Amino acid sequence: VQLQASGGGLVQAGGSLRLSCVASTSVFSYTAWYRQVPGKQRELVAAINSDRSANYAEAVKGRFTISRDIVKRTIYLQMNSLKPEDTAVYYCNLRRTVANYWGQGTLVTVSN
């Protein structure tokens with residue numbers, strides 16, 4: 001299974017970005033976005049379950065939206081009202097019963 005993340009970049013505070021993650025397999029599964037900054041543990045940003053229910057980290061609630069397109073095998077993270085503290089490498093994640101897969105990461109930098 002391969003996950004290819006894209007969409008990161010440099011944006012000013014208050015701006016928006018949309019991350020995409022294309023999978024080589026079905027995304028009708030638990031899928032999520034995590035982020036990591038140097039020296040800190042990777043943290044969950046948002047997740048979507050098979051039943052399409054979603055959950056978000058408190059820090060991004062109301063600003064970020066996770067979604068998926070089953071036909072395109074793609075997971076999205078729409079990020080609005082970005083803040084400098086959102087700066088991190090973002091990783092997509094797909095979880096199966098017996099395996100856990102990660103994308104390569106895409107860097108998001110939010111400037112003041």
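Two strands pair if DSSP finds at least two bridges between them, and strands themselves are DSSP runs of E with at least two residues, numbered from the N terminus. The model is predicted, so local features need pLDDT of at least 70 and side-chain atom pairs count only at pLDDT 80 or more, whereas totals for chains, interfaces and linings use all residues. Residues are numbered from 1 along each chain as its sequence is written, and side-chain values use heavy atoms, with hydrogens and water left out.

**Stop 1: strand S9**

Select strand S9 (88-95). Six of the eight residues of S9 are buried, where buried denotes under 20% relative accessible area, exposed over 50%, and partly exposed in between (1.4 Å probe, protein chains only).

Next, display strand S11 (106-111). Three bridges link S11 with S9, again in the antiparallel sense, and Val108 of S11 stands opposite Ala88.

Then bring in strand S10 (residues 100-102), an antiparallel partner of S9 over three bridges. Here Arg95 stands opposite Asn100 of S10. Four residues separate S9 from S10 in the hairpin that they form.

**Stop 2: the largest nonpolar core**

A nonpolar core is a set of buried Ala, Val, Leu, Ile, Met, Phe, Trp, Tyr and Cys residues joined through side-chain atoms within 4.5 Å. The largest one holds 25 residues; select Trp33, Val45, Phe64, Leu77, Met79 and Tyr90, which touch the most other members. Strands that each supply at least two residues of this core include S1 (3-6), S3 (17-23), S9 and S11. In soluble globular proteins, nonpolar side chains tend to be buried together.

Centre the view on Phe64. Which residues does Phe64 contact, leaving aside its neighbours within four places in sequence? With contact taken as heavy atoms within 4.5 Å, the residues are Arg35, Val45, Tyr56, Leu77, Gln78, Met79, Asn80, Leu82, Asp86 and Tyr90.

**Stop 3: two arginines with positive phi**

Select Arg52, in the loop between strand S5 (43-48) and strand S6 (54-56). Its phi is near 75°, a positive value in a residue other than glycine. Is Arg52 buried or exposed? Arg52 is exposed, at a relative accessible area of 69%.

Finally, move to Arg73, in the loop between strand S7 (64-69) and strand S8 (74-79). Arg73 is not a glycine, yet its phi is positive, about 55°. With 38% relative accessibility, Arg73 counts as partly exposed.
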